[in-house]
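Please have the sequence and the model open side by side.

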Amino acid sequence: MSYTLHQPSSARRGGLLSIVIGLHVGVLLAVLAAKTIAPQMAETPLVVDLLPAPQVEDQPQARPLPVVQPQPVPRKPAPLPKAPAPVLETTNSAAPAELAPIAPPPEVEPSPPAPPVPPAVSQARFDTDYLRNPPPPYPPLARRMGEEGKVILRVSVTPQGTAEAVEIRTSSGSKRLDEAALKTVRNWKFIPAKRGDVAVQSWVLVPIIFKLEQ
């Protein structure tokens, strides 16, 4: 297949030329119009409206304080002249002045003497070796029956060291054991109690234990 190029006719070329010329004329007119509008805009004056300043209320003016005029101070009356005091004439007496008698100091009564310290009291004793007090014998019947116990006797010891009275303070539970202890202690010798260096009568407790040997 082949293509054939046709050249435009003269009428058609004239139309194209007129279009090009019209476009150039339009651009030229647009440039001229822009140059004429710009000076007009530049020459337009700028108008600025000034707003009125706000009104400031007048502050109340301070009133002046009333002036107090000082009052005149009353003058004190002039003091009256003092009357002269009478002058008394004194004479020295040759007689000496009498002095009041001086009272003697009160007598201080001596404090009573302190009471004497009571002498120490020692208790009666029965457990010293040199007294040689024999133990009570074990009753044969109580031994056969296997009786044991502890009896406590209360003994009144004389100043001479003998047993004046013997009482049962705590029983052993066996009458035979209690009787054997009473009979033996009545013949014991004691060291009497002493108040200071003086022997006195006193009570002493004597414990006696009955126990069978295994």
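Strand S2, covering residues 149-157, and strand S6 run antiparallel and are joined by nine bridges. To find your place in this pairing, look for Gly-149, which stands opposite Phe-210 in S6. Keep in mind as you look that this is a predicted model.

Now stay with S6, which spans residues 202-210 and has two faces. Ser-202, Val-204, Val-206, Ile-208 and Phe-210 make up the covered face. On the uncovered face you will find Trp-203, Leu-205, Pro-207 and Ile-209.

From here, let's step back to the protein chain as a whole. The chain holds three helices and six strands, and read from the N terminus their order is α-β-α-β-β-α-β-β-β. Among contacts between residues at least 6 apart in sequence, 71% join residues at least 24 apart. Of the chain's 214 residues, 18% count as buried. The accessible surface amounts to about 20,100 Å², and carbon and sulfur atoms account for 61% of that area.

One last stop is a loop residue, Arg-132. You can find Arg-132 between strand S1 (121-122) and helix H2 (140-144). Its phi is near 55 degrees, a positive value in a residue other than glycine. Is Arg-132 buried or exposed? Arg-132 counts as exposed because its relative accessibility is 73%, and the cut-off for exposed is over 50%.

Key. Residues are numbered from 1 along each chain as its sequence is written. This is a predicted model: local features need pLDDT of at least 70, side-chain atom pairs count only at pLDDT 80 or more; totals for chains, interfaces and linings use all residues. Side-chain values use heavy atoms; hydrogens and water are left out. Helices (H or I, at least four residues) and strands (E, at least two) are DSSP runs, numbered from the N terminus. Buried means under 20% relative accessible area, exposed over 50%, partly exposed in between (1.4 Å probe, protein chains only). Two strands pair if DSSP finds at least two bridges between them. Contact means heavy atoms within 4.5 Å. Accessible areas come from the Shrake-Rupley method with a 1.4 Å probe; for residues, only the protein chains shown count as cover.
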